[in-house]
Amino acid sequence: MSLGALLRMWRRRALLTQEQLAERAGLNVRTVRRLENDGLLQPRTTSVLALAKALELDGAERATLNAVARGHPTDRPTTAPADPSVTGPRPWTIPRQLPADVAAPGVRERELAIVEDHATMPELNEVVVFVNGMAGMGKTVLAVHAAHRLAPRFPDGQLFVDLHGHAQATAPVEPGAALARILRTMGVPAKHIPWHPDDRAALYRSVLAGRRLLIVLDDAADEHQLQPLLPATPGCQVIVTSRHRLTCPGDVRILSLDTLPLAEAITLFTRTAGCDRDTPPDVLAEIVRRCGLLPLAIRIAAACLQAHPAWNAHHLLDRLAADRLTELTAGRQSVTAAFDRSYERLPTDQQEAYRLLGSALHPAFDLDTATALLNTTTTQAIRLLDHLLNAHLLQEPAPGLYRLHDLIHAHASALWPPDGVRASLQVRCHTALLT
Ligand SMILES: Nc1ncnc2c1ncn2[C@@H]1O[C@H](COP(=O)(O)OP(=O)(O)OP(=O)(O)O)[C@@H](O)[C@H]1O
Ligand SMILES: [Mg+2]
């Protein structure tokens, strides 16, 4: 291997441009160019030393460089380039970061097919599938399951980045920090990661260019966090999950997860709880209905049954009739905690609107009722309702009609207001309904 080929290989490995290497080594950029083009065959010893230092060569690599620079070409590169035609840096490790696949067979198969079809249609330019939905709907489980199925199509690896949009006691990850972590994973030495977030994002896009990577960005908080993490070139597929309806630039396939159909909900429950075969179907149906057909709640209810060998399905059903939110807790998982994290992320005016809507006797209401409950103008009520819709704390089954999911209704009404205020709000709500 010639001196020029070696230097070029090491420079690319260090993710440096010719200008950056020249600056780092204290050399003129023309010297670096001439060296790489084998137009300067016997460089000064000081230049060779400076280059070795700037390129962070190890002992064996320095010996090779010295030998070649003294006119002894080598055919033993100390670090072989993976592909001589490569125009950018290669990762030193192929990331395989997907968490375990815990999806139950027979659950969310339709949604899985949508993600898979999307990712396997080469004529599509959309590189992003955006899975959104209420807390505990199964967004992460679906994204991870789909990613495992798609992994063989992405030979350059699979990244999984938890953006902690709604994590307990952890603020959402800063985009710059997420970029730094990904770059390190891709083999970029910490000292070569630029300080400025824009430069990090640019380096990230360079590293991804020409590669086939599958990237799962889980639990995104907002567009500001997400934007720099989206690749600019096709070839990479991204699956984003979020509790919010975010606006992603470019062509994006949006998949909003709803509650499970009854049959799938029962499948999920029985697979987890391992119910005996003679449990009446109507009892199973009632249990999953009381879980609001929400996967998180169903899994927790099933785990509770499993953890108490003395219980049977009837007993679980009775307990869920009494106080669902208190019952739906298993170990560190709880429906209330999951909803709390959505609520805590809201600005105060939306928090108040959420509590006020929770005070309605019925979980379904129209715009006039909502306006009366919120005690505001129609315009302001629409604005608040839109925010809650975007956060998946509210549903809109038909234009102008709103609905709180059963468990959300229970959660919101437990937060506030005290009984006296609640009564007056209910009067306000009923008056609105009558008029
Ligand atoms: N397809 C599925 N198969 C088996 N279990 C599932 C499935 N979907 C969801 N679950 C169960 O529901 C729980 C919640 O799912 P998941 O964490 O994917 O929800 P999420 O929508 O990502 O919630 P969050 O908004 O809190 O991130 C999981 O821990 C799992 O137990
Ligand atoms: Mg999730």
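Start by selecting Leu-217 and Val-240: Leu-217 stands opposite Val-240, which sits in strand 4. Helices (H or I, at least four residues) and strands (E, at least two) are DSSP runs, numbered from the N terminus.

Before going further, some ground rules. This is a predicted model, where local features need pLDDT of at least 70 and side-chain atom pairs count only at pLDDT 80 or more, while totals for chains, interfaces and linings use all residues. Residues are numbered from 1 along each chain as its sequence is written, chains are lettered from A and ligands numbered from 1 in the order in which they are written, and side-chain values use heavy atoms, with hydrogens and water left out.

**Strand 4 and its partners**

Now show strand 3 (residues 214-218), which pairs with strand 4 in the parallel sense over 4 bridges. Pairing here takes at least two bridges found by DSSP between two strands. Pick out Val-128, and you'll find it opposite Val-238 of strand 4.

Is strand 4 (residues 237-242) enclosed or open? 6 of its 6 residues are buried, so the rest of the structure largely encloses it. (Buried means under 20% relative accessible area, exposed over 50%, partly exposed in between, with a 1.4 Å probe and protein chains only.) Colour Gln-237, Ile-239 and Thr-241 for one direction and Val-238, Val-240 and Ser-242 for the other.

**Ligand 1**

Next, select ligand 1. It has 18 residues around it, and among them Ala-104, Lys-139, Thr-140, Val-141 and Arg-243 come nearest; a residue counts as near if one of its heavy atoms lies within 4 Å.

**Helix 14**

Last stop: residues 313-322, helix 14, where Ala-313, Leu-316, Leu-317 and Leu-320 are buried. Look down the axis: these buried residues fall within an arc of 100° (taken from the directions from the helix axis to the C-beta atoms), so they line one face. Turn to the face away from the buried side for exposed Asp-318 and Ala-322. Finally, zoom in on Asn-312, which caps the N-terminal end of helix 14, with a side-chain oxygen 3.1 Å from the backbone nitrogen of His-314.

Definitions and conventions:
Polar contact = N/O pair within 3.5 Å; in protein donor to acceptor, adjacent residues only side chain to side chain.
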